[in-house]
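Have the model open while you read.

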Amino acid sequence: GEKGRGMRAFWVVIVSSLLASCSFVSDDGTVHEKLVTPDIILENAAYTLGQSGESPIFIKSSRIEFYSKDNRATTEALSFVQYNDDGNARLEGSADNSVIDTESKRMELEGNVKLSENDSGMMIEADTLIFDSENEEITADGHVRVVSKDGEFEGTGFAGDLMTSSYSFASIEKGVFKL
């Protein structure tokens with residue numbers, strides 16, 4: 001009868017709301033809701049990460065999906081550039097995919113990652129790389145190749161600080177110093 005049909009509709013609503021979002025717990029124990037569907041999808045798009053007064057990063061991507069509830073964006077086939085005060089490209093990069101935290105400005109780059117720091121002439125190639133643009137820190141756990149004025153190095157566990165130009169590897173597989 002009538003009562004059964006109303007109950008069935010109620011269950012459909014509960015099931016569909018469970019499918020629409022799931023939650024995850026971050027390292028500090030906070031529970032976050034995670035949207036499964038993006039708010040905005042842009043094809044062949046340009047996006048500015050950061051405010052105009054603070055050396056923003058200009059991103060071009062074949063596809064950007066924004067999840068505003070999570071302060072997260074995902075990209076496909078992206079390239080990006082950051083300019084210094086005199087208008088020259090200071091930092092340039094590209095990757096097959098990325099996940100960007102639009103609040104902390106942290107970029108997780110994946111697949112054929114290339115990052116060039118033009119002032120120092122350093123170029124990094126990696127399978128995956130995390131670029132914390134606000135603190136100007138780079139970390140890559142997997143295999144990394146770095147070419148700079150100091151030489152050419154390959155290894156794993158790379159960490160770099162662009163502010164102080166200090167770089168380290170957990171292990172170097174091969175390296176050539178230029179003296």
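This is a predicted model: local features need pLDDT of at least 70, side-chain atom pairs count only at pLDDT 80 or more; totals for chains, interfaces and linings use all residues.

Residues are numbered from 1 along each chain as its sequence is written, and side-chain values use heavy atoms, with hydrogens and water left out.

**The second largest pocket**

- A pocket here is an open set of points on a 1 Å grid over the protein atoms alone, where a 1.4 Å probe fits, with protein on both sides within 12 Å along at least five of seven lines; lining residues have an atom within 4 Å of a point.
- The second largest pocket comes out at about 280 Å³, where a volume is the space filled by probe spheres set on the points, and grid points are joined across faces, edges and corners.
- Its lining has 14 residues, and Val146, Ser148, Asp150, Phe153 and Tyr167 lie nearest the centre.
- Strands S9 (137–148), S10 (151–161) and S11 (166–177) each supply at least two residues of that lining; strands are DSSP runs of E with at least two residues, numbered from the N terminus.
- S11 gives the largest share of the lining, five residues.
- By type, the lining splits into eight nonpolar, four polar and two charged residues. Nonpolar covers Ala, Val, Leu, Ile, Met, Phe, Trp, Tyr, Cys and Pro, charged covers Asp, Glu, Lys and Arg, and the others, Gly among them, are polar.

**Aromatic pairs and a charge over a ring**

- Rings of Phe, Tyr and Trp (its six-membered ring) pair if their centres lie within 6.5 Å; planes under 30 degrees apart are stacked, over 60 edge-to-face, and the rest tilted.
- That rule gives four aromatic pairs. One of them is Phe58 with Tyr83, which is tilted because the planes sit at 55°, with the centres 5.8 Å apart.
- Phe58 belongs to strand S4 (residues 57–67) and Tyr83 to strand S5, so this pair links parts of the chain 25 residues apart. Phe58 is partly exposed at 35% relative accessibility, and Tyr83 is partly exposed at 36%.
- Phe158 and Tyr167 make a stacked pair, 6.1 Å centre to centre with 10° between the planes. Phe158 is buried at 2% relative accessibility.
- Ring pairs join Phe158, Tyr167 and Phe169 into a cluster.
- Arg72 lies over the face of Tyr67, 4.2 Å from the ring centre (the rule: NZ of Lys or CZ of Arg within 6 Å of the ring centre and within 35 degrees of the ring normal).

**Ala73**

- Ala73 is in strand S5 (residues 72–83) and is buried, at 0% relative accessibility.
- Leaving aside neighbours within four places in sequence, Ala73 contacts (heavy atoms within 4.5 Å) Ile64, Glu65, Phe66, Ser98, Val99, Ile100 and Thr102.

**Positive phi without glycine**

- Asn112, in strand S7 (residues 106–117), has a positive phi near 50° and is exposed, at 54% relative accessible area.
- Ser165 sits in the loop between S10 and S11, with a positive phi of about 55°; Ser165 is partly exposed at 41% relative accessibility.

Note on methods:
Helices (H or I, at least four residues) and strands (E, at least two) are DSSP runs, numbered from the N terminus. Buried means under 20% relative accessible area, exposed over 50%, partly exposed in between (1.4 Å probe, protein chains only).
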